[in-house]
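Hi,

Here's the structure I said I'd pass along. Have a look, and my notes follow below.

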Amino acid sequence: MRTHGTLRLATRGSTLARRQAGLVKEALEDRRHEVELVTVETTGDQIRDELIHRLGKTGAFVRELDERVLEGDLDGAIHSMKDMPTEQPEELVTAAVPERGPPGDLLITPDGSTLEELPTGATVGTSSLRRRAQLLSERPDLEVAPLRGNVDTRLEKLLAPALQAQHQERSEADKERKANTGDEDFEPEYDRTVDEWFDDLSELERQALGREVETDYDAIVLAQSGLERSGLAHYVDYQELPTSTFVPAPGQGALAVTAKDGETAREIQSAIDHPRSRVETTVERTILAELGGGCIAPVGIYAIVQGEYVNATVSVFDRDGEESVVGSRDLPIETHAEAAREFARDLAERGAAALIEQARKDADATDDVSEEDKPAGK
């Protein structure tokens, strides 16, 4: 309910969600709207290790926020676009799609290695079925291991082994340095003591140093927008993976503000809606809805406005990246939604529907679905 003209908007409580909500708040305030962010803890936040399809069936990362809006407690809710179900209550609308952030994925390594430079059998961390299939399609020799947690937790898991090994080496060198105190011929292995080295570490690196190592990752894959919005991009080395082969999840990099259909929704749209981003994400989500892949299948969909057309690229894989249906088409911008549906139907007939159906059977058999490309279904 509006109070003195203030827009009260719901956000999840994670660090990344609050940062993203802050971007929306700042954009609205630039247009002279007063904004209050209200943190709502969702089922998805409470049950962090729950398999994502169990949450996705009820939209657990989204549903509680939107319910507060429908009940009239709040004026709107801020979501990561790729979290949103493709169907929503009739009285709820996507009031605004702010300008989209970088849509692609990054390969992050402790030493700056590229995907091509990773050694045979290297372990890459991701819990995304899409990223797993795309990685194995390019490098079938890789080991792809589950990786869960928020952005900083995932980075800590990547950095921990190397940092802990360095700490051990430097600690032993310090002991040797102390044992040889007074020996003029002794040349220490390191110029700095272990304490001096530790003092120069970032907070992220210090957290990684104290983390228990479960899996020794050679690399991990994260969304570029999430890493940048978390403020952690300058702490790590990464390679931007090409969107032509590592086709992003539909809506990746985009935010959305939902609200009840009416004056408030129109105010938000007028203030911060970015028409190009809305068209691109509408195409992506329309194709996804028509294909019905959701979080069950490795599906990448990326659309970009190019003049009078929207170029849409779609890749649908089996779980091991061995089979795929890939297509790209220029869709007329004036009829982009219907053209997207037609494109999706053509892809389905070419074999995408069969791959998605097989992925659904595999998910039912293994009780396993994507966490990172969540939940984007009904």
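Aromatic pairs first: a search of the whole structure turns up zero. For that, rings of Phe, Tyr and Trp (its six-membered ring) pair if their centres lie within 6.5 Å, with planes under 30 degrees apart called stacked, over 60 edge-to-face and the rest tilted. What does sit over the ring of Y190? The charged end of R170, 4.2 Å from the ring centre (the cut-offs are NZ of Lys or CZ of Arg within 6 Å of the centre and within 35 degrees of the ring normal).

Bear in mind that this is a predicted model, where local features need pLDDT of at least 70 and side-chain atom pairs 80 or more, while totals for chains, interfaces and linings use all residues. Numbering runs from 1 along each chain as its sequence is written, and side-chain values use heavy atoms, leaving out hydrogens and water.

On to L147, which lies in the loop between β7 (143–145) and α6 (151–179). L147 has a relative accessible area of 0%, so it counts as buried (under 20%; exposed is over 50%, partly exposed in between, with a 1.4 Å probe and protein chains only). From L147 to S128 is 8.7 Å, C-alpha to C-alpha, with the two 19 residues apart in sequence.

As for the whole protein, the C-alpha trace spans about 80 × 55 × 40 Å along its principal axes. Buried residues are 52% of the 378. Of the contacts (heavy atoms within 4.5 Å) with a separation of 6 or more, 72% join residues 24 or more positions apart.

Cheers

Definitions and conventions:
Helices (H or I, at least four residues) and strands (E, at least two) are DSSP runs, numbered from the N terminus.
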